[in-house]
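Me: I'd like to learn how to read a structure feature by feature. Could you walk me through this one?

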Amino acid sequence: MLNELIERYSQYSDVELMEVYSNKNKYTNDAKQALDIVIEKKGGIQSLTTRYDKTVAKELEKSKIKNDAAELYLNGMTKNNINYALNSEILASDEIQQIVEITSTEIEATKRDLEIKPSTIIGSILGGLIGGTVGGILWGLQIIYSGHIFYILL
């Protein structure tokens, strides 16, 4: 059992290991022992904590850059200008460029989705007509065959 746990924990990322370590009291003694062995193999708790902190800081920086890029893009700046305007001590310039590219693509896709086009209007009118006609036919058939009017269907 211990070897299976060691094998499983060895495959965990630093973030997953820290999550397990922070909830260590909820686990069995074998799980705690396996966790301690794996953490020691990966350089100890201090090393794990340092790597975890760097990972969390990098994710927070990515989120901040994405929000800043979205705001600048919505204010009319081009992708190139945004790349020059944003900088980070944690992220490399190519990572920033990638975030800006993804963010601008997402914003453009959202704008296209929210656009009202003639096909949208025609489709909604057509859908209303078809739905109303089918509903009216079914209601009429219900009246013909049952002899009663069920207002709940109206």
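Reply: Gladly. From the N terminus on, the elements run α-α-α-α-α-α-α, and the chain has seven helices and zero strands. Helices (H or I, at least four residues) and strands (E, at least two) are DSSP runs, numbered from the N terminus. This is a predicted model, in which local features need pLDDT of at least 70 and side-chain atom pairs count only at pLDDT 80 or more, while totals for chains, interfaces and linings use all residues. Residues are numbered from 1 along each chain as its sequence is written, and side-chain values use heavy atoms, with hydrogens and water left out.

Me: How do I read the faces of a helix?

Reply: An α-helix has 3.6 residues a turn, so residues three or four places apart point the same way. Take H1 (2–10): Leu-5, Ile-6 and Tyr-9 are buried. They cover an arc of only 100 degrees around the axis, which puts them on the same side of H1; the arc is that of the directions from the helix axis to the C-beta atoms. On the other side of H1, Asn-3 and Glu-4 are exposed. The buried residues of H1 pack against H2 and H3, where contact means heavy atoms within 4.5 Å.

Me: Which residues of H2 are buried, and which are exposed on its other side?

Reply: In H2 (residues 14–22), the buried residues are Asp-14, Leu-17, Met-18 and Val-20. Seen down the axis of H2, they fall within an arc of 160 degrees, so they line one face of the helix. Glu-19 and Ser-22 are exposed on the other side of H2. As for partners, the buried residues of H2 pack against H1, H3 (29–41) and H4 (44–74).

Me: Which residues make up the largest nonpolar core?

Reply: In soluble globular proteins, nonpolar side chains tend to be buried together. A nonpolar core is a set of buried Ala, Val, Leu, Ile, Met, Phe, Trp, Tyr and Cys residues joined through side-chain atoms within 4.5 Å. The largest one has 12 residues, among them Leu-5, Tyr-9, Leu-17, Leu-35 and Leu-48. H1, H2 and H3 each supply at least two residues of this core, and H3 gives the most, with five. Apart from it lies another core, of 11 residues, among them Ala-69, Leu-86, Ile-96 and Val-100.

Me: Can we zoom in on Leu-35?

Reply: Leu-35 is found in helix H3 and is buried, with a relative accessible area of 1%. Leaving aside neighbours within four places in sequence, Leu-35 is in contact with Tyr-9, Leu-17, Val-20, Tyr-21 and Lys-24. Leu-35 and Tyr-9 are 26 residues apart in sequence and 6.6 Å apart in space, C-alpha to C-alpha.

Me: What does the side chain of Ser-88 reach?

Reply: Ser-88 is found in the loop between helix H5 (79–85) and helix H6 (93–114), and it is buried, with a relative accessible area of 19%. Its side chain reaches the backbone nitrogen of Ile-90 at 3.0 Å, and the backbone nitrogen of Leu-91 lies 3.0 Å from a polar atom of the Ser-88 side chain. A polar contact is a pair of N or O atoms within 3.5 Å; within protein, one must be able to donate a hydrogen and the other to accept it, and residues adjacent in sequence count only if both atoms are side-chain atoms.

Notes
Buried < 20%, exposed > 50% of the residue type's maximum accessible area, 1.4 Å probe, protein only.
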